[in-house]
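The tour below moves from one selection to the next, with a short note on what is found at each stop.

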Amino acid sequence: MQRFFATIDKYAKTLLAIMIVGYVAIFATLSCLKLAWFRQGFDMAGNEQTIWNTLHGRPFQISVFAMMRYDFDDGPVLLQLPLALLYGIYQSPYTLLVLQSIALGIAAWPLYLIIRDLLPKPWHALVVAAIYLLHPTTQHINMYEFQLRSFMIPFALAALLYLRRERLGLYCLFLFLMMCTKTEAGFTLIAFGLYAAWQRKPWKFIAFPLVLGPAWVAVALGIIVPAFSEGDFIADIYSYGRLGKTVGDVITTMLTNPALAFSVMTEPPKLKYLWQLFGLGGFLALLSPTLLLALPVLALNLISPNAVQFSLNYQYGSLVYPFLIVAAVEGLLNLTRWTIRNPQWRERAVHGAVLGLLLIGIIGNLTLNNVVKTALGNRENPTRTADARAILAQVPDDAAVAASTFLAPHLAQRQEIYFFPGNKSYPAEYIERAEYLVVDRRPPGNSSVTRAALDKYLNDPAWVIVAEAGDFALLKQQ
């Protein structure tokens, strides 16, 4: 057994590279197949349209949002500028899915280096990298359309690595890139500053994020969003349920009525989320100060009434779970240091615990809504796929079009696209702006709202069916 682990130690970096390449190849392929099988949805379409518009000289423009013509629903995503250049190499939604898989896979590299600085054996760090790649949230983000938050993960882990190694330039660079990906990263920058102070790092490591983080949040949400939206976009579109309609309301409620805030954050579904989130690391993250880095976005998720924000199956934990993986390792070290005095026994305990965490990771991957199993078992049948492609081929390239969930990602390369049947963020009345409407008469879930909207347009004399193929229809507005 010692020879086996010694061999792994010798080739650990090579094995890590193989793991990353294998992960990227597998999940890029699976996410692209999911798109080809008509199982990617609105986020895929909206994000591609913004990047396509940016590439074609219309920076950040999007057509689907209520009250806004720019993809500034929670602040600008400056990362879309370089992403547009990469997308320009081959303008396809498949390009974005491959880039996402690369970003999520490559994040295992800075994580490996962080753990390598913490644990005594290279194979320990290799196992922790595998735990990250197996994590349900890593794989769900990868398979759930195209998410800009995917890119925050390698930036966040790289920032943590260079903070620990006191490389100021690289630390600031990756904090900046993280901030350029989503405005919520500004809150995590504040946590980085406080964490750096806790770790007694030089003042520049503390000051940079403590100044930049709040400044960016204030500019993005306080100036840019209001300037580029009609009315009070944030208050009208976003709500924190019982805590209020805006972040300011939430802060006021938490200060004046902490009992209410606590009750909201400890509702049963949220406790289940916390149990799963921390349980995947054996609850060891609770023993590490690195937990601090995860707290701002975790708190934002817990105060939300939107169930997708406190689930392992979505992208909203991107600035939570990677830090918890590092914190779990540090918690393990702290626990063994506090309870085991004999160095040899302590090392053996670390060996066993690392393997135990890997076992938990494997079990979690297989039992917590395994995304690979779901994707492979939920593909569209070939006949419907062929019918959908036949209908999509008849939509003019430059026409304004409205489309239902799984059809929209195949029509995003245009200035005007709208989502059918619509919701609060994607208003149903915007469908009237379209020249064409592409619908699936057997919609996923077959909800009463979707069915009512279908009946409305199929029976509206202002809309004429110009093409049909199986369950799919192309309507044109007269």
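Helices here are DSSP runs of H or I with at least four residues, and they are numbered from the N terminus. Please keep in mind throughout that this is a predicted model.

With that numbering, begin at the cavity. The structure holds one cavity of 30 Å³ or more, and the volume of the largest cavity is about 150 Å³. To find its centre, select Leu 280, Gly 281, Leu 324, Ile 325 and Ala 328, which are the closest to that centre among the 14 residues of the lining.

Helix 18 gives the most, with five residues. If you then colour the lining by residue class, it divides into 12 nonpolar and two polar residues, with no charged ones.

For the second stop, select helix 5 (residues 93-106) together with helix 6 (residues 108-118), which pack with their axes 5 Å apart and at an angle of about 5°. Because angles under 35 degrees count as roughly parallel, helix 5 and helix 6 are therefore roughly parallel to each other. To see the contact itself, show the atoms of Leu 104, Gly 105 and Ile 106 on helix 5, and those of Ala 108, Trp 109 and Pro 110 on helix 6. Sorted by class, the residues of this contact comprise five nonpolar and one polar, and no charged residue is among them.

Terms used: Residues numbered from 1 in each chain as written. Predicted model: local features only at pLDDT ≥ 70, side-chain atom pairs only at ≥ 80, totals over all residues. Heavy atoms only, no water. Axes fitted to C-alpha atoms, helices over the stretch in contact; angles between N-to-C directions. Helix = DSSP H or I, 4+ residues; strand = E, 2+ residues; numbered from the N terminus. Parallel < 35°, antiparallel > 145°, perpendicular 65-115°, else oblique. Contact = heavy atoms within 4.5 Å. Nonpolar A, V, L, I, M, F, W, Y, C, P; charged D, E, K, R; others polar. 1 Å grid on protein atoms, 1.4 Å probe; cavity = no way out; pocket = protein on both sides within 12 Å on 5 of 7 lines; lining within 4 Å. Points joined across faces, edges and corners; volume = space filled by probe spheres on them.
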